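Hi,

Here is the structure I promised to pass on. Have a look at it first, then read my notes below.

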Amino acid sequence: MFTATTVSWDRLRSDLTLRNELFIDGAWVRGSGEELTLVSPRDGQELTRIVSASAADVDRAVASARSAFDSGVWAGLAPRDRGQRLIAFAQHIADHAEELALTITLEMGKPLRQAYETELRAVVNSFRWYGEAIDKVLDETPSTAPDSLALVTREPAGVVGAVVPWNFPLTMAAWKLAPALAAGNSVVLKPDEHTSASALRLAELAFEAGIPAGVFNVVPGFGAVAGQALGLHPDVDVITFTGSTAVGRKFLEYAAQSNGKRVWPELGGKTASLVLDDADFVKAVEASAHGCFYNQGQMCTAASRLLVPRHRLHEALEIAGRIAALQRPADPLDLDAPMGSLVSSQHLDRVAGFVERAEASGSDLIAGGSEANAVIEGGSYFAPVVVNATRESEIARQEVFGPVLSVIAFDSLDEAIEIANETEFGLAATLWTTDLKNAHLVSRRLRAGIVWVNCFEEGDMTVPFGGVKSSGFGRDKSLHAIDKFTDLKTTWIDLS
């Protein structure tokens, strides 16, 4: 399973059909909003057009979700029964992983091998894990006096609005859908405008796998319309969001303006990869560069800041530049492509703008840039860039969300930790050291929700994912994610 070389991709591509409607209450529904055109960043060609969700369409989807929830058709099932259906859904995804991976690649430019072998594997694992875990989440019976009985039970919150980004469109969706559904909620998913087709197919597969009508709805649309309508809706109980800090703050505002719904934001990042002098230096720099360039740098955890001792700065630049030269963008449908395209021409311009301003301000560019834009005519390609940056520079402080690595020199351990912590973000950090004492003490001083030591982007479904500061306070993955979608109820029984 999930070996890309065993799939007949050309034949699959010729047979691929993308849906262009909304999925509400177990059926395809034509939207009533503005037309949304899906364009492939691979070659700039149109994939399909969707009549997007209006506020009225969102209201219809929320009403469907509420009706399904109140009926008990899903929330009323025993946790084990819900879990078994999620496990069946996971298998159904695995059975259709090839078309989902191909759709993702065409939508957002991710290399096909990565879409299939990494993203779809993660999606399947997420639904399977929560399906297996949900009947092990236990309620509580606190110790009380002999003439009373106290019960603390976890109940599904109700209707969950999930708003997800384009960089890992189905992984991010699964991280939110799986725990929300496992807990018994109904969900309305608003995918990003660039990656709506894969989300629509996911909903169809859920219905085919036995998830009842109304429990999982998808409303493709524009953030300022469909996203806002979901955030302001008085009958949505929880919003879970992954995206930019600016939009995350808007959802907090929407909650305050409506029913005070809970909002769980997982926002941007500017990961510092801190390499101490005692570390395996080559391994650390190579892993950090790969960690910055993976998925075309379009990751909130991208290791976009490489912090090295000043006397090893030039060595770090040379190693990172070598990795950048190897990570040349190519046709994402090529199974050997190390990188694909950026998600859109607009995003390409944004990333290139950061690099141009850095160069204009005097920063040295070691490798990469826009000379790779024409891998395929009309595509949005950008070669990895390594920048000899200062800690104060824009490119070292703002989230570029592209394959741009800023290498920054430090003179002491305290300065390195200060640099690592000085951006507004606090999602992830990486520490490279062979000193066990430093591994513990420095990790504690790094202000991040995730710290990797002598590795990058490691972990599994048992550990939470999320940050601090402007990276938000939402947590995906692990049993902790279930807490976002449940309410605690206390029942006190007088036995006297």
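Before you start, keep in mind that this is a predicted model.

**Strand S6**

S6 and S9 (residues 238–242) are parallel and share 4 bridges. S6 also runs parallel to strand S7 (residues 186–190), and 5 bridges join these two. On that side, Val160 stands opposite Val187. If you follow the chain from S6 through helix H6 (residues 169–182) to S7, you trace a right-handed β-α-β unit.

How many residues of S6 are buried? The count is 5 of the 5 in residues 159–163, so the strand is largely enclosed by the rest of the structure. Val159, Gly161 and Val163 point one way, while Val160 and Ala162 point the other way, and all of them are buried.

**Strand S17**

S17 pairs with strand S11 (residues 272–275) in the parallel sense over 4 bridges, and Val275 sits opposite Trp432. It also pairs with strand S18 (residues 450–453), again parallel and over 4 bridges; there, Ala428 has Ile450 as its bridge partner. Together, S17, helix H15 (residues 436–445) and S18 form a right-handed β-α-β unit.

**A buried charge**

Now find Glu399, in the loop between helix H13 (394–397) and strand S15 (404–410). Glu399 is buried but has no salt bridge. The nearest side chain of opposite charge belongs to Arg350, 6.3 Å away, and the cut-off for a salt bridge is 4 Å. What does the side chain of Glu399 reach at 3.2 Å? That would be the backbone nitrogen of Gly269.

**The cysteines**

Last stop: there are 0 disulfides in the structure. Cys292 is in none, and the nearest cysteine sulfur to it, in Cys300, is 13 Å away.

Key
Residues are numbered from 1 along each chain as its sequence is written. This is a predicted model: local features need pLDDT of at least 70, side-chain atom pairs count only at pLDDT 80 or more; totals for chains, interfaces and linings use all residues. Side-chain values use heavy atoms; hydrogens and water are left out. A disulfide is a pair of cysteine sulfur atoms within 2.5 Å. Two strands pair if DSSP finds at least two bridges between them. A crossover is right-handed if, with the strands pointing away from the viewer, the path from the first strand over the helix to the second runs clockwise. Buried means under 20% relative accessible area, exposed over 50%, partly exposed in between (1.4 Å probe, protein chains only). Lys and Arg count as positive and Asp and Glu as negative; His and the chain ends are not counted. A polar contact is a pair of N or O atoms within 3.5 Å; within protein, one must be able to donate a hydrogen and the other to accept it, and residues adjacent in sequence count only if both atoms are side-chain atoms.
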